[in-house]
Amino acid sequence: MSALAEIQRRIQSTADLIQQHESAARQPGAPPSVFASIRALEKLRRRLEREFEEIASQAVVDGLGFGSPRATRPDGETPR
């Protein structure tokens, strides 16, 4: 699986977890830990989104031939 696809999968998984925690937070007597978990998951999602953008930007640079010919792509392969 490519690095971009893996990050997309992780972003979606994190978004699903946020949604589950938000549903739990709407229940009467929801513990404070649910709200802390939501904040932590949102922080993770933002980090993953930044990582996705960085890898996607590098892929564009590599695809246009501006990258180092010996550079290794995020999937571990060396461009030809």
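Before clicking, one definition: buried means under 20% relative accessible area, exposed means over 50%, and partly exposed is what falls in between, with a 1.4 Å probe and protein chains only. This is a predicted model, so local features need pLDDT of at least 70 and side-chain atom pairs count only at pLDDT 80 or more, while totals for chains, interfaces and linings use all residues. Residues are numbered from 1 along each chain as its sequence is written, and side-chain values use heavy atoms, with hydrogens and water left out.

**Stop 1: the whole chain**

Start with a cartoon view. You'll find 2 helices and 0 strands; helices (H or I, at least four residues) and strands (E, at least two) are DSSP runs, numbered from the N terminus. Of the 80 residues, 15% count as buried. As for contacts (heavy atoms within 4.5 Å), take the ones between residues at least 6 apart in sequence: 49% of them join residues at least 24 apart.

**Stop 2: along α1**

Select 3-25, which is α1. This helix has 23 residues and reaches 33 Å from its first C-alpha to its last, close to the 33 Å expected at 1.5 Å a residue. That expected span is 1.5 Å times one less than the number of residues in the helix. Now colour the buried residues of α1: A3, I7, I11, T14, I18 and A25.

**Stop 3: the core**

Which residues make up the largest nonpolar core? Select A3, I7, I11, L48 and I55, 5 residues in all. A nonpolar core here is a set of buried Ala, Val, Leu, Ile, Met, Phe, Trp, Tyr and Cys residues joined through side-chain atoms within 4.5 Å. Both α1 and α2 (32-64) supply at least two residues of this core, and the largest share, 3 residues, comes from α1. As background, nonpolar side chains tend to be buried together in soluble globular proteins.

**Stop 4: T14**

Stay in helix α1 and click T14. Is T14 buried or exposed? T14 counts as buried because its relative accessibility is 5%. Show what surrounds this threonine: leaving aside neighbours within four places in sequence, T14 is in contact with L41, L44, R45 and L48. You've already met L48, as part of the largest nonpolar core.

**Stop 5: I38 and what sits across from it**

Jump to I38 in helix α2. With a relative accessible area of 10%, I38 is buried. Not counting residues up to four places away in sequence, I38 touches H21, E22 and A25. Q19 lies in helix α1 and, at 52% relative accessibility, counts as exposed.

**Stop 6: two more cross-checks**

Pick A40, also found in helix α2. A40 counts as partly exposed at 46% relative accessibility, and its C-alpha is 9.4 Å from that of I18, 22 residues away along the chain. Then go to E54, which lies in helix α2 and is exposed, with a relative accessible area of 57%. The C-alpha atoms of E54 and L4 are 50 residues apart along the chain and separated by 9.9 Å.

**Stop 7: the salt bridges**

How many salt bridges are there? The count is 2, where a salt bridge is a side-chain nitrogen of Lys or Arg within 4 Å of a carboxyl oxygen of Asp or Glu.

- E6 with R9: the closest N and O atoms are 2.6 Å apart. The pair is 3 residues apart in helix α1, so about one helical turn separates E6 from R9. Both count as partly exposed, E6 at 27% relative accessibility and R9 at 43%.
- R47 with E51: here the closest N and O atoms are 3.4 Å apart. Both lie in helix α2, 4 residues apart, about one turn of the helix. R47 is partly exposed at 38% relative accessibility, and E51 is partly exposed at 27%.

One general point to finish: an α-helix has 3.6 residues a turn, so residues three or four places apart point the same way.
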